[in-house]
Each structure stands twice: as C-alpha cells, then as structure tokens.
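Here's a quick briefing on a few strands and helices worth a look. Have the model open and follow along.

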Amino acid sequence: MLALLIAPFYILLNIYVYIWLIRWMKACSKHFHKPVVKAIVIIIYSFFATSILTAFFLPSRILKYIANIWFGSVLYIILTIAIVDLIRVILKRLVKVDPQKLASRKLFVSVGALCIVTIITVSLYGAINARIIRTTNYEATIHKKVESMDSMKVVLIADLHLGYNKGYTHMKNMVREINKQDADLVVLAGDIFDNSYEAVEKPKETEALLRGIKSKYGVYACWGNHDIEEPILAGFTFDQKGKKEASDKMYEFLANSNITLLQDKGTLINDSFYLYGRADKHRPGRGITTRKTPAQITASMDHSKPILIIDHEPGELEELEAAGVDLDLAGHTHDGQMFPGNLTIKLMWENPYGLIKKGNMTEITTSGVGVFGPNMRVATKAEIVSVDVSFQ
C-alpha cells in the first residue's frame, strides 16, 4: 500500500528531473534542441527511471543490479536538487541577488554540470564502497571466571542479504576476512537472505564457502526479518496471507553450510558459556508466535557462566542486562547504510552502531556485510566485527 502511495511522487520527481535535464542540455549545446536527440534522452532516462519496476517483473541479475544502483542514485538526485533549489531561493529572496545573474546561461550550465558530477561521483563511490569488507575490532570484558579460558575471540557478522545484490564473490571475501581472525566463535545475527532463496547466486558453491569458515566452537545464527520468502519492490514489501517465514530451502542452506540455527533457543558451549539465538522481533519464525522475554531466556541458566545473546535487532537492552546477559550481539541497522541515514538512524535505536556498555552488559551492533535495496554504502561500511572477550 505504501509503495502505491509513493508512486505518484516518484513519477512527478522524474518528470521534474527530466525537464531540468533537457533545459540544461539545451543550454550546453544547440544540438540538444533536436527532437531526435530529446527522444533518445527520454528513452535512456525512462529505462533507468522504470528499472525498479522492470526488474521486479523481469528479475535478472543485471536488471536488479541496474535498478538497485539507480535506486540509490535517486536519493542523491533528490538531495542535490533540494540543496540547489534551497540555495537559489535563499539567494533570490533573502540575499537579494540580481535575478538576471541567477538566470544566466553560464551559471546554469556550471551548476548543472557540478550537480551531475556530484551525483555520479557519490553513486560510484557508494557502489564501490559496498563491495569492500572491512574488519572492526572491539574489546569486551565479562566479569566472570571461566575455567581453562582467560579470553576468546568472537566474530560477529550480520545482514549478508544474499540475493541479487550480494552473492558468491562477496561471500568469498567475507570468509577470507573471517578466517584471518582465528576465531573461537562465529555468530551470524540474522538477515542471511534477501527475502528470496531463488535469488541466491550459486547456492551450492556458496554453501561450500561458508563451510570453510574457521571457528573453534562453530558457527551459529539466528533469523532476521528478511529471512523469509516475500516479494520486494523498491524496498517495500507486500502483504500476504499467512505467516511469513523462512522456506525449507533456507533451512537446508544453513544446515549444508554447517551453520547451527538457534531459533529462540540456546546452547551451553564447551561447558563454559551460554549462547542464545533470539527469534526476530517482527518475524519470529516457524513454530513461534511470541518470542521469549530476556527473563525467560536466562531463567534456567547458571548465571555464574557467561551469557551471550545474538539478536537481529538491538533492542530491550535494559531488560537483557537485568536478566544477566553479559554480551549482546546484533545487526539490522546497517548503520543507516547511506548518508544521511547514518545520522537519522540514531533516533530509532539506543545503539544503532558500535559498542556501548549497559550496566554489566556489553552491547555491539554491526553495520553488516551486505546491503538492502540500493546496492550502495555512503558514509558507512560493510564489515565483520572481531571482539576480543576477556573473562575476569
């Protein structure tokens, strides 16, 4: 429903952009006055403007890639136009600059060129930056003694979003970065898939890659809100009858990848520490109607042992700390993924990105490995998180 409400604004935006583009091109050269040239421009522009819809009905990897790059570029087209129009109004209404100077052909061509270069540069940077996986290091202290263990290294990954945006090559790079850490434990905090198993590139080869993750105590995961089968159009989902949940193939994929799924359940590892995987807050998954509260999670645990939680979304921090959780590991936020999202996202979560202390609990939220929607990252990074945990 929301997608249908936004559609008219998207159409009007593209008409506005096209009108300004033609005006700018005409100001640059008389050749752009020709009807044939204008027709070519509108065909090319229409291809990109409608690529989001085209890729939805004709899903192919190349069309999806173009659509998702365009989807991100639209954000910076809107921002650039808004900034330029605001400056123009300020200069005209408040500064009282001569209107003839503001309307000069030379200024119009120069500003238009600067806008186009800015949009293209930011979009290319965002597309390239989203492909680079970095490692972020943290330290966490758990004030509990563990026999035969003074410390351990935990690698947190989240938001792979395997699908049309991210596939085999990205996973190969991720596994390489993980294996550099010599991890004791690797945890995956949800959104392994991007709403469709069929969109996964080379699933069998990708399973083999994930089986190659080196971890002393294994690889564990919980589901996220995108680990379901659901059609997506420009980042918007569509209501379907029945409960939305992961497909059998998604479960099989994890099993074949040697990833242990903790679906609102926990395990005692090496008789030394607990690891609990929470059900997703919005998509609790198969067989679960209401996920357990933090108090219910830890009620039967030995609180003298460290308690680690993986939860897709970083929430209920006070409740988790009160329940005796020592380390909470989450994802979901993407750190906003694209500027200015990394600024506004701070209004939504207590810890949208990074490490915070909450009483005796340490909470870490990662920006994730993959992307959702626009295949870009601007002012954020794709990352794995390496946590040096010490027991004292």
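Let's start at a strand pair: leucine 268 stands opposite tyrosine 274 in strand 9. This is a predicted model, where local features need pLDDT of at least 70, side-chain atom pairs count only at pLDDT 80 or more, and totals for chains, interfaces and linings use all residues. Residues are numbered from 1 along each chain as its sequence is written, and side-chain values use heavy atoms, with hydrogens and water left out. Helices (H or I, at least four residues) and strands (E, at least two) are DSSP runs, numbered from the N terminus.

**Strand 9 and its partners**

- Strand 8 (residues 265–269) pairs with strand 9 in the antiparallel sense, over five bridges; two strands pair if DSSP finds at least two bridges between them.
- Strand 10 (residues 307–311) pairs with strand 9 in the parallel sense, over four bridges, and here leucine 275 sits opposite leucine 308.
- Five of the five residues of strand 9 (residues 273–277) are buried, so the strand is largely enclosed by the rest of the structure. Buried means under 20% relative accessible area, exposed means over 50%, and partly exposed is in between (1.4 Å probe, protein chains only).
- Strand 9 is covered on both faces: Phe273, Leu275 and Gly277 are buried on one side, and Tyr274 and Tyr276 on the other.

**The hairpin loop**

- Three residues lie between strand 8 and strand 9 in their hairpin, and asparagine 270 takes a positive phi there, near 55°.
- Aspartate 271 is in the loop between those strands, and its 54% relative accessibility makes it count as exposed.
- Aspartate 271 and asparagine 256 are 15 residues apart along the chain, with 26 Å between their C-alpha atoms.

**Helix 7 against helix 8**

- The axes of helix 7 (residues 168–179) and helix 8 (residues 203–211) come within 9 Å and cross at roughly 5°. Axes are lines fitted to C-alpha atoms, for helices over the stretch in contact, and angles run from 0 to 180 degrees between N-to-C directions.
- Helix 7 and helix 8 are therefore roughly parallel to each other (angles under 35 degrees count as roughly parallel).
- On the helix 7 side, Tyr168, Met171, Lys172, Met174 and Val175 meet Glu205, Thr206, Leu209 and Leu210 of helix 8; contact means heavy atoms within 4.5 Å.

**Helix 4**

- Lysine 96 follows helix 4 and has a positive phi, near 60°.

Conventions
Angles under 35 degrees count as roughly parallel, over 145 as roughly antiparallel, 65 to 115 as roughly perpendicular and the rest as oblique.
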